[in-house]
Structures are given as C-alpha cells and as structure tokens.
Amino acid sequence: MEISEEKEQHYMEQHKNTGDEFKKIERSDRLRRKVLKTFTYAGLTFWALVVLFPFYWMVLTSVKSYSSYNSEYIPKLFTLSPTLQNYKEAFTAVPLAGYFLNTVIFAVVTTMLMLIVTVLAAFAFARLNFPGKHLAFTLLLSLMMIPNELVVITNYVTITNLGLRSTFTGLILPSVSSVFYIYLLKENFEQVPDQLYYAAKVDGTSDLKYLRKVLVPICRPTIVTITILKAIECWNSYVWPRLITDDEKYFLVSNGIQEIRENGFGRENIPAMMAAVVVISVPLIVLFLLFRKVIMEGVSRGGTKG
Amino acid sequence: MKVVLKNLTKKFPSRRGKRRGEVTAVDNFSFEIPDGKLVGLLGPSGCGKSTILNLLCGLERPTSGRIFFGEDDVTDLPAEKRGVGMVFQNYALYPHLTVLQNILFPLENLKGAEKLSRAEMRSRANEAARLVQIDELMDRKPGELSGGQQQRVAIARALVKMPRILLMDEPLSNLDARLRLQTREEIRRIQRETKITTVFVTHDQEEAMSISDVIVVMKEGVVQQIGKPQQIYDDPVNLFVAKFLGTPPINVFRGSVKDGRLWIGGEDILGVSGVSDREVYVGIRPEGLVPVPETQSDKGSGGTFPIPDGPKRRSAGKEEERIGLPPRPAQGSGTGTIPMSGLQGTFSCRLSGVEVMGREISVAAVHEASESPMIRAVISAEQKEDLTSDVIRFGVRTDKVFLFDRETERRITAVCRPLGRRE
Ligand SMILES: Nc1ncnc2c1ncn2[C@@H]1O[C@H](COP(=O)(O)OP(=O)(O)OP(=O)(O)O)[C@@H](O)[C@H]1O
Ligand SMILES: [Mg+2]
C-alpha cells in the first residue's frame, strides 16, 4: 500500500514538473510569435505606405488649385485649401465624358471578343486533335517573344491599308487575340481530368456543350481573372489608340488625359490631369473590389499549379 | 436491346509509334449479350475490362471488329449519340455541380422527343437518388462527399436517363461490405425491372457470381470462358478460370495419371478413365475435401509426418476404401450429413490450422505437392470433427475434382471415380 502511494506521489511530482516545463515552453513560444507578428505587421504597414503613396499624391494634386500647385517650389504633402475646380476643368476643357463612353465601348467589346477567341482557341489546343496542332501552338507561343512595339508597327500598316483608321473596328481588332491568355487557359483546361470529358460525352453533350457546361464553369476563376486583366489593359491602353485615331470622336480616356495635360496656360496643367486620372481610376478600383476574391483565387491557383 | 460484339480488337499504340510496345487490350472478342440480361465481365486488373466498356459506349474506336446495338451497327457512332449510361471506375462527377445537378445533367441533354419537362426531370432525379440512398445529399458538391457516396451519385447519374444499355465499371468497389451487398441487390432489382441490358465489370468474382446472368471471364484481353455463373464454377475450361472463381480459391496440386489412377504425392486418390498417362494439375474445390475421421489403424501407421510412403499407407487404408469409406459405423454420426454419393478416396495432409467462421469451418493444411503454401477445405460447422491430430485425411468428392494439362493448363475431360469400385 505504502509503496504504491509513494509511487503515486512521485508520479504526480514528475507530472507537475513536466506540466511546468510545458507551460514555460508555451510562454516562450507565445512571446516569439508576438514578436514575429509585430515585425511582420510593421513591414507590411511600411510596404502599404510605399504602395499607396502615389495614390495619395494623385488625389492630393487633383484637389490643389492650378496656381497653388505651380507656386509650390517644393510640392507640399498636404493642402489647406482643397478645391474641386480641377474636376470641372477636366470635364469642360476636353469632352472627357465622351472619351469615357468610347473607352467603355472599346473595353467591353474587346474583352468580349477576346474571351470568345481565347476560350475557343484554348479548347481547341487543349482537347481537340487536328493536324498541325503542335506546330500551330508552338508558332503561337513563339509570338510571345516578339516585343509589342514591333507588332504595333506592322499592325499600324495593316490597319491603315485596310482603311480602318479612326474606326472602332481598327481600334479593337488588334487587341482581340492574346497569346498569353490562350496559353494560360489552355493549361487550365488541360488540368480538368479527361474522365469528365468522357462522362459528358456519354451523358450526351457535344464538344461545344461540354465546353460551355463543364469546362468553362470549372475554370471560371481563371476566366474571370483574364477578363479583368484584359479590361484593365484596354482601359489603360494608350499607344495604339493614339496611333490609330486622329479623330476626337474615337479618343479614349488616355488620349484625353494627354490632351488635358497639354491644355495649361503655357505650362502643363498637372492638377487637372490628376483629377481626370482619379475619375478614370475609379471604375477599375470598383471592378477590382467587386471581384477581388475571384481574382485572387485565379492568381493563386495559377501560381500553385505553375 | 441485344448487343453484339464481333471480333472486336483494340490495340493501343505505344508512345513514339514503335510497333514493339503496342498493347493489345482486347483481342478478337466476340460475344452476344442477350436482350435484358446482366453480364458480368470478370478478370484480373489490366485484362481489358474497362477497354471493352469504352468500346461499347463509344469513347474508344476498335482497331477492328464491329459493334451492334440490336440490328444497328454503332461502331462509328460517337459516344454522345449512343444513349448508353455509364458508371465510371473513378466516378467522373462534375465537381462544379451539386449532386442534384450532376444527376440532372444527362436529362438536360436529351433532345427532341425524349425531352422532359423541368418537373419531370426533378422527379426522375429524386427517384434515382432514392434508389441509391443519397436523397439527403442533393445539395452537396462532389468534393464534400465520401468515396462511397460519390460512387452512388455516379450510379444514380447513369440510371436516371433509363439508358438502352447500362455499363458499370466496378460500381461498388468503394462501398462498405453491407452497403455493397445492398446496392448490389438494388442494381439487380432495378435491372430486372427495367430490363436494361447491362454490362457489369468487376474483379470480385463473388460479386460477379451473385449478380450476373452470364459471366465472361477474361485474361489479358482474351476471353477464357462465357457461361452461367454456376456452370463456369462447376465446369471451368482451364486452370486460370478454375483459380479465378471461388472463395477460398481452388486447391491446386501437381499430380499425375498412371494406370488409370490419379496420383498426388505418393498417394493414389481416385481412379480416372478417359486419359492417357501424363503429368497433370489437379484442382480440388475446398468443399470437395471432406475430412475423414481417424481410424484406429491410421493412428497407428499414419500419425507421423511426412506423409508415409504409398504402399505401406495404402495397405492400411485400402480395406476401408473397398468397403466404401468413410462412413464407419462407429463414427458415422459426425459425417452423416455429407452427401456421400461422390465422395471417395483418401488423401493425407498435415493439419496447420482450423478457423471457425460461424456457419463454416475452414481447415487449413499443408501438402507437399500443392501449388500454394496452404490448402483449404471448407466444411459445415455442424460437423463435429476431431481436428486435433497433425495429420488429417480427406475424402475427395469426385465432382469437385478437375484435371488440367501440365503444359497448356487446359481442362482434361476425364471421368473420376472412387477407387475400389473398379469395373
Ligand atoms: N490509353 C491507353 N494507352 C495504352 N494502353 C492502354 C490504354 N488504356 C488501357 N491500356 C492498357 O490496356 C490494358 C487493359 O486496360 P483496362 O483499363 O481495360 O484494364 P481493366 O481490365 O479495366 O483493369 P482494372 O481492373 O485495373 O480496371 C492494360 O494493359 C492497360 O495498360
Ligand atoms: Mg478498369
């Protein structure tokens, strides 16, 4: 009896000891994690400031008056007399609203057409068998190595020869195909197991129906991502519209910004330009906020699957 | 609908198109599946079962040969026009759709006269789901289901459009034993009621035996035997088929035929006629080995191992055989339940274990001429045998013994009869 009691006591003691030890480890671990967290957040905060500063600068400049902006020898980091004059200026000096509409048309139509072309091409490369498939795809991929600037010149010649200068068709046509997105989507389509294709066939779908009802829904994150990336690309495009249009009727917002900038009294009207930039950025920011989750999903998935 | 396969061959080209590496998955397969029957396609892994299903549903084109559904040649018809239902080996559920949408999918693709109203589709989908007991999971996505549940969704999806032909590729492999049995019965019942011609692939011979009207046993793309389950079990055409069917598997011994007797090891166990003297494999079904009670004389002479030489041993046993062993008046009560008609001969092995499995007792023993390390006999648990001595003697039921050629492994047709009743 006694012996067993002693044993028990001994055991309890030991147990208590290990308990203490455990607590110690736990405490130090918690401390370490706290320190790590602090550093992480400090770093992230710093980075966020760096990234957000240009935006702040943009908004700040857009609310400074033209005269105060020009009188500041060293630009100040704040202003005490904010004004909306620049915004008025931006819309009145040039037909910004019209450009806005043009840009929307351009972006929506281009993105739509690009989507159709990309999805069909990716499907053909991923799933169908036709002679010369590999050659065609290799050629397509090798196009990615040619810098855009070179392509712009040939495109310019082609479109001009077709007599499509200063038309929406001329504006849109060259941006409809995108090699990189076809490649991206093809890779994505190929990751959908073959068995699903077979199952869909047995269930009575045609190739196109399979694409529409199975493949596209499964690859939705990637498709949404490329849609948004393309829309942003369209929204921001400057060189091509500038080259191919000399008619104000077809100007896009990027042309508008340039125009406003050149509109100052002898000097560049930077505040008005910044106001225009703010206005133009808003739709993109809204778009991003709306689809933030899907975009992130698409990007991270594309990342992990390499 | 009747399905006819005519000289079907499928070769898969090797990578880089070298002829050497070509795989013949199905080799000259001819078979007529009778209308409304359930055919079990049975064979070891990689023997071409799935390939045959793929040929039937149109996912693969045969290298040569034709396929007929009824009178129509469908060899060149694409899969989506064949109207078959298929349960894939790996389910192939649509991951972006819920269970309900998965089951609805084939119905939504029906065209023309077959087109259904929304409500009709719903009720058919619900009915199919109820059959496989997944009606409570209708709103889940496949990723949120267990393997067995996914498998049942796949079955429901194949059944829902009431196809002309139903193909199932190991549809029960992922279910637990009880659900498996239940779903098996359910499939059987549905198949009987709807009279859908069905091909059921499995490598579980017990499943094939219990569910099929007709079994096709395959090996490496070649049909070995076609027939009713019992018929194949009772009358296998070669050693492969004999080994493949039955649990526990058939016991195979190296033996020989000499002077009208069948010898295994040093013992002649049966008389045979219709065969010339030669080396053979002897297959004896586990239920064909019936333990024989030890006799006084056996205990004296046969109590040691290795098995004693033939002649001496024989002299002890012969007398009993001649008078019709085993029922000895003294121990008759124990063995009285065995049908004695075909039971003759004796055969000694070293006992190595006895497993009581409820209804049956499985006796494991060792014999030097056996192809496998252990031989098995199954006897009814009601028999109160004394299974304690090292050496166990079996009587052999002649209808459970098959002889196979040593080289070709083909069945040798021979009449076995008990020793001692020589004409
Ligand atoms: N696409 C293919 N290319 C090359 N060989 C193939 C192809 N598909 C199957 N095979 C080969 O054909 C043979 C038969 O394959 P199959 O899938 O029909 O086997 P199975 O009987 O269904 O086996 P399991 O029971 O394991 O499913 C195998 O040897 C396999 O390696
Ligand atoms: Mg298979």
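**Close-up 1. Thr245(A) and the residues it touches.** Once residues up to four places away in sequence are set aside, Thr245(A) touches Arg165(A), Ser166(A), Leu171(A), Tyr250(A) and Phe251(A) (contact means heavy atoms within 4.5 Å). This is a predicted model, where local features need pLDDT of at least 70, side-chain atom pairs count only at pLDDT 80 or more, and totals for chains, interfaces and linings use all residues. Residues are numbered from 1 along each chain as its sequence is written, chains are lettered from A and ligands numbered from 1 in the order in which they are written, and side-chain values use heavy atoms, with hydrogens and water left out.

Thr245(A) sits in the loop between helix H12 (239-244) and helix H13 (253-261) of chain A; helices here are DSSP runs of H or I, at least four residues, numbered from the N terminus. Is Thr245(A) buried or exposed? With a relative accessible area of 3%, Thr245(A) is buried (buried is under 20%, exposed over 50%, partly exposed in between, using a 1.4 Å probe and protein chains only). A polar atom of its side chain lies 2.5 Å from the backbone oxygen of Pro241(A).

**Close-up 2. Asn155(A) in its helix.** Look for Asn155(A) in helix H6 (residues 148-161) of chain A. This one is partly exposed, at a relative accessible area of 22%. Beyond its neighbours within four places in sequence, Asn155(A) is in contact with Pro174(A) and Trp240(A). Gly170(A) is 15 residues away along the chain, and 9.6 Å separate the C-alpha atoms of Asn155(A) and Gly170(A).

Close-up 3. How many cavities of 30 Å³ or more does a search of the whole structure find? There are 3. A cavity is a set of points, on a 1 Å grid over the protein atoms alone, where a 1.4 Å probe fits but cannot get out; lining residues have an atom within 4 Å of a point.

**Close-up 4. Where the domains of chain A meet.** The domain assignment gives domain 1 (2-62) and domain 2 (95-302). Taken over C-alpha atoms, their centres are 46 Å apart. In this view, 4 residues of domain 1 are in contact with 7 residues of domain 2.

Technical notes:
On a 1 Å grid over the protein atoms alone, a cavity is a set of points where a 1.4 Å probe fits but cannot get out, and a pocket is an open set with protein on both sides within 12 Å along at least five of seven lines; lining residues have an atom within 4 Å of a point. Grid points are joined across faces, edges and corners, and a volume is the space filled by probe spheres set on the points. Helices (H or I, at least four residues) and strands (E, at least two) are DSSP runs, numbered from the N terminus. A polar contact is a pair of N or O atoms within 3.5 Å; within protein, one must be able to donate a hydrogen and the other to accept it, and residues adjacent in sequence count only if both atoms are side-chain atoms. Domain bounds come from an automatic or database domain assignment.
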